Amino acid sequence: MSIEALIENYGLLAIFLGAAFEGETAAFLGGVVAHRDLLTYWSASLAATAGSFAGDQFWFFAGRYAARWPLVRRLMEKPALARATRLLEKYPTGFILAFRFLVGLRTISPVVIGTTRISTGKFVFLNALAALLWGQLFTALGYLFGHGIQQTLGHLPLHRHLLIAVAAAAVVAAAAYAFHKMRPSAGHS
């Protein structure tokens with residue numbers, strides 16, 4: 001089975017699961033694949049949106065109803081917990097809309113929100129809105145990146161196009177992680 005056939009048959013499921021468990025890279029690659037016309041843009045972006053929404057709902061309910069699970073307890077012991085809690089207390093609505101865009105807070109945030117008095121209905125609504133914005137943004141970035149690669153390097157074989165996209169996503173993720181690690185030390189000087 002070719003990579004094209006795999007993407008056409010399982011691409012939406014892969015984007016959904018990737019967005020639920022990993023995040024940006026799956027949505028970005030969904031955009032690249034949509035640019036190559038293996039999936040429609042809207043199906044890729046909606047799979048990313050649905051995956052992000054479902055993953056964050058899972059973690060919210062884990063915080064709300066499964067705080068004693070070892071996995072949830074380990075998450076609650078992370079250093080990012082204090083930062084997420086401070087931001088949530090100061091800006092509850094804004095934080096729910098923004099946490100998936102904040103490096104280092106994506107997984108811990110819905111768990112923390114689940115442990116608060118924020119209603120399930122409010123979280124579901126704001127999570128859906130934020131997931132929709134997030135899914136569209138990262139899928140669009142992937143689509144535009146795919147277009148840029150094609151304009152710069154021509155029509156590459158799909159596997160090369162995807163390798164370049166994965167490499168670019170890895171570089172951006174590494175830079176975001178490095179910036180995130182430098183920020184706290186910069187604040188202490």
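On a 1 Å grid over the protein atoms alone, a pocket is an open set of points where a 1.4 Å probe fits, with protein on both sides within 12 Å along at least five of seven lines, and its lining residues have an atom within 4 Å of a point. Please keep in mind that this is a predicted model, in which local features need pLDDT of at least 70 and side-chain atom pairs count only at pLDDT 80 or more, while totals for chains, interfaces and linings use all residues. Residues are numbered from 1 along each chain as its sequence is written, and side-chain values use heavy atoms, with hydrogens and water left out.

Let us start with the second largest pocket, whose volume is about 200 Å³. Its lining includes Leu 6, Tyr 10, Ala 26, Val 33 and Leu 162. Two elements, α1 (3-21) and α2 (24-35), each give two or more residues to this lining; helices here are DSSP runs of H or I with at least four residues, numbered from the N terminus. The largest share, six residues, comes from α1. By class, the lining has 10 nonpolar, two polar and no charged residues, with Gly counted among the polar ones.

Next comes helix α5 (residues 80-90), where Ala 80, Leu 81, Arg 83, Ala 84 and Leu 88 are buried, that is, under 20% relative accessible area, against over 50% for exposed and in between for partly exposed (1.4 Å probe, protein chains only). Viewed down the axis of α5, these buried residues fall within an arc of 165°, so they line one face of the helix; the arc is taken from the directions from the helix axis to the C-beta atoms. Arg 86, Glu 89 and Lys 90 are exposed on the other side of α5.

Leu 88 leads us on, since it is touched by Thr 116, as is Arg 64, not counting residues up to four places away in sequence; contact means heavy atoms within 4.5 Å. Thr 116 sits in the loop between α7 (108-114) and α8 and counts as partly exposed, at 26% relative accessibility. A polar atom of its side chain lies 3.2 Å from the backbone nitrogen of Ile 118.

Finally, follow helix α8 (residues 120-153), which holds Phe 125 and also Asn 127. Phe 125 counts as exposed because its relative accessibility is 57%, whereas Asn 127, at 0%, counts as buried. Asn 127 touches Phe 53, Asp 56, Gln 57, Ile 96 and Arg 100, again leaving aside residues up to four places away in sequence.

Conventions. Grid points are joined across faces, edges and corners, and a volume is the space filled by probe spheres set on the points. A polar contact is a pair of N or O atoms within 3.5 Å; within protein, one must be able to donate a hydrogen and the other to accept it, and residues adjacent in sequence count only if both atoms are side-chain atoms.
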